Amino acid sequence: MSGARLGRVLALAAASSLVLAACAGGGGGTDAGGDVTSVKVGFMGDLTGESSAIVIPPRNGAVMAIDEYNATNPKVKIELVQYDSQGKPEQATGLVTKAVTQDKVVALIGPAFSGESKAVGGLLEESKIPSVSPSATNPGLAENGWTYWHRVVANDADQGPGIAEFLVKAKAPKKAFVLSDDQEYSVGLAETVAKSFTDAGVAVETDKFSKDASDYSSTVTKVRSANPDVIVFGGYYAQGGRLLKQLRDGGVTATFASGDGSLDQQLVTGAGAAAAENAVLACPCNIPSADVTGPLKTFFDNYKKSANVDPAIYATEGYDAATVFIKAIQAGNTTGEKINEYLKTISFEGVSKPIKFKANGEPENNAIFIYQVKAGVLKLLGPAEEAKIEG
Amino acid sequence: MLDDFLNQFLPSTVGGLVFGSIYALVALGYTMVYGVLRLINFAHSEIFMIGTFTSLVVITAIAPASPLTGIALFGVMLLIIVLSAAVSGGAAILLELVAYRPLRRKGATRLTALISAIGASLFLQELFALVIIPWLTGKPGRNQQSSPRLVDRDTVFSIGNADVRTDHIIVVVAAVIMMIALDRLVNRTKIGRGIRATAQDPEAAVLMGVSIDNIVRVTFLLGGAMAGVAGALYLMEFENTVYNVGFVLGIKAFTAAVLGGIGNLRGALLGGIVLGLIENWGAIFLGSEWKDVIAFTVLVVVLMFRPTGILGESLQKARA
């Protein structure tokens, strides 16, 4: 996972300030209901750029879903067309035009990031092409009034409350200490976590530090003096690892939790395995680890066969996004408009979560998934409603 | 508020002294080069970074299975300090040779040297990120690199509610020893007299038989070695480093040098410690994100009343 992480940080940074868009419509060769034997579905995201590490897993998931579907010899086959936007809004715009006018895709998986999604949302709306993003998490995307835009991942605004509510349930804390560095994503997450704690009647103290600081002794002193039951850090793994190490060195033993920005093995290497043990991480993403069971295990094994690596971030969401369109096409819908109509009623058990859309394109199920560091490795505990932390 | 202050004052003081010691060691390099050449050596922060990576490589090679104690700890600490000082000192000499000496030979202005310094700083950062760090560690060059634990975080004694740990003591004691040694060297030896003479009046120093090139080389060596020691102590304390670890720390250390009186060795020590303490004390009231604001506000206020810093410039005025 480690190579993916720098990209993840960059992508999150980009995502937090930007917004996502949707797909192209216009039926690929579906003129007037003749016998259609194949349709094109696009996948758009940063496939070769600096954040490609978080787009390639959902791409692999989508490829896998469509290969599985085509292998069943359906009446209408699906051809996946990949568009490498490099995560850049200006490139995404050009690629959507190409996808709609030249390639005549009927639906789009992606765009992967919020910025490019925001840039092409209007265009997809006009072209009547439905889109489902596996990974764009900016809350603002759902507020554009787009009817062709969807996503299968909880947004950033769900994450803070998700973490706080989970900790309240799991640890019944009387006092929480909420920390962050000074980056936009970090501050935003910390603020929503602190608010949710306050609403739940938990006393909250806070501190912030510069993202470039290396000595957190004053923060550690504040935490020790407050003696909280839980500590939540909003921020990325580089700062999170250093902070966690210095907190534990300073004799702070309270439960440490953080969000998707810190969900990386580098958190463990940065903090040291001993200090990182039992740290709790939350993410809107569902990343199966090797020890999962049931449908996730099947996904894990098939993904490993298909992509030759373990599933990484947004792989399950990529698979589910592709499955949405597969189900629509299976039901006989081969134009953008018809597929979009079908999405209003779609409801099935996805790999990452049950998939059903609200009218604004948000997923009905906005589950946050909980991970915990066990023996130096990040382990998936499950959706926040069901997860039980140990230690 | 007062409660917070009373609860946090002593632990903050300990933290401030520890980080202040590292500021002070790095500040010495800025202050010595400025004293002798009137040059702000912006690439000095990269000399510090090189020190942290030297220590990282040595500690990783030794790879202690568990934290060390006693004589083994002393030996390994000595080893990483000496090696980091040597590598950083060597790198500083090389830096002077490549980035500054040709300009000095041609009688370039101080502004040209300053641009060369900024260029060298960026060059070294990128060289490490793109080539040297991947080669040394086998990991992406811009990732944070972590080292195994060398020293246990045992509390040796407590003052009130402040725990003083083994690692704190090592940082402060090692820094103080290095600074006393440097102070003696500059004030009591022949080479030190050469440094002071050059700082005071380069032309007269040449007339008196001082070799300027030698003195400049020794100045960079000593400043670089101090940054190397700081790098070793930093790595032991924080157990991680990254290609741009010196950037913010270097600016703070430079601030410490100006605060104490640039060109003044004891001023660098005082400036470093004062900066470390004020940052941490200020953070008690305002929050840790205000540390930088506090540090620079103090700098501006001090310079308004004492433009030459707390102790003033004295490498030049020192009696030979």
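Author: The account below begins with the contact between the chains and then turns to single helices, loops and backbone angles. The model is a predicted one.

The size of an interface is often given as the accessible area lost when the parts come together. Here chain A and chain B bury about 2,200 Å² between them, and 42% of that area lies on carbon and sulfur atoms. Chain A gives 23 residues to the contact, and chain B gives 26 residues. Five salt bridges are counted between chain A and chain B. A salt bridge joins the side chains of A:Lys245 and B:Glu239, with a distance of 2.4 Å from N to O.

A:Gln246 belongs to helix H8 of chain A, which covers residues 237-249. Is A:Gln246 buried or exposed? Its relative accessible area is 12%; because this is under 20%, A:Gln246 counts as buried. Apart from neighbours within four places in sequence, A:Gln246 has contacts with B:Phe238 and, in chain A, with A:Ser214, A:Asp215, A:Tyr216, A:Ser217 and A:Val220.

Helix H7 of chain A, residues 217-226, is mostly covered, since eight of its ten residues are buried. Just after H7(A), A:Asn227 adopts a positive phi of about 50 degrees.

Most residues other than glycine have a negative phi, and most peptide bonds are trans. A:Lys128, not a glycine, has a positive phi of about 60 degrees. A:Lys128 sits in the loop between H4 and strand S4 (131-133) of chain A, and its relative accessibility of 34% makes it partly exposed. A:Asn278, likewise not a glycine, has a positive phi of about 75 degrees. Its place is the loop between helix H10 (273-276) and strand S10 (280-283) of chain A; with a relative accessible area of 26%, A:Asn278 is partly exposed. The peptide bond between A:Gly110 and A:Pro111 is cis, with omega of about -10 degrees. A:Pro111 is located in the loop between strand S3 (107-109) and helix H4 (114-127) of chain A.

Another loop of chain A, between strand S11 (347-349) and strand S12 (354-356), holds A:Gly350. A:Gly350 counts as buried, at 13% relative accessibility. Beyond its neighbours within four places in sequence, A:Gly350 is in contact with A:Asp320 and A:Ile355.

In chain B, a pair of helices deserves attention. Two packed helices are described by the angle between their axes and the distance between the axes. For helix H9 (residues 246-260) and helix H10 (residues 265-286) of chain B, the angle is about 115 degrees and the axes are 7 Å apart. The crossing of H9(B) and H10(B) is right-handed. From H9(B), the contact involves B:Lys252, B:Thr255, B:Ala256, B:Leu259 and B:Gly260; these meet B:Gly267, B:Gly271, B:Gly272, B:Val274, B:Leu275 and B:Glu279 of H10(B). The residues of this contact comprise four nonpolar, five polar and two charged.

Definitions and conventions:
Residues numbered from 1 in each chain as written. Chains lettered and ligands numbered in written order. Predicted model: local features only at pLDDT ≥ 70, side-chain atom pairs only at ≥ 80, totals over all residues. Heavy atoms only, no water. Helix = DSSP H or I, 4+ residues; strand = E, 2+ residues; numbered from the N terminus. Buried < 20%, exposed > 50% of the residue type's maximum accessible area, 1.4 Å probe, protein only. Axes fitted to C-alpha atoms, helices over the stretch in contact; angles between N-to-C directions. Left-handed = near helix turned anticlockwise from the far one by under 90°. Contact = heavy atoms within 4.5 Å. Nonpolar A, V, L, I, M, F, W, Y, C, P; charged D, E, K, R; others polar. Buried area = accessible area lost by both parts, 1.4 Å probe. Salt bridge = Lys/Arg side-chain N within 4 Å of Asp/Glu carboxyl O.
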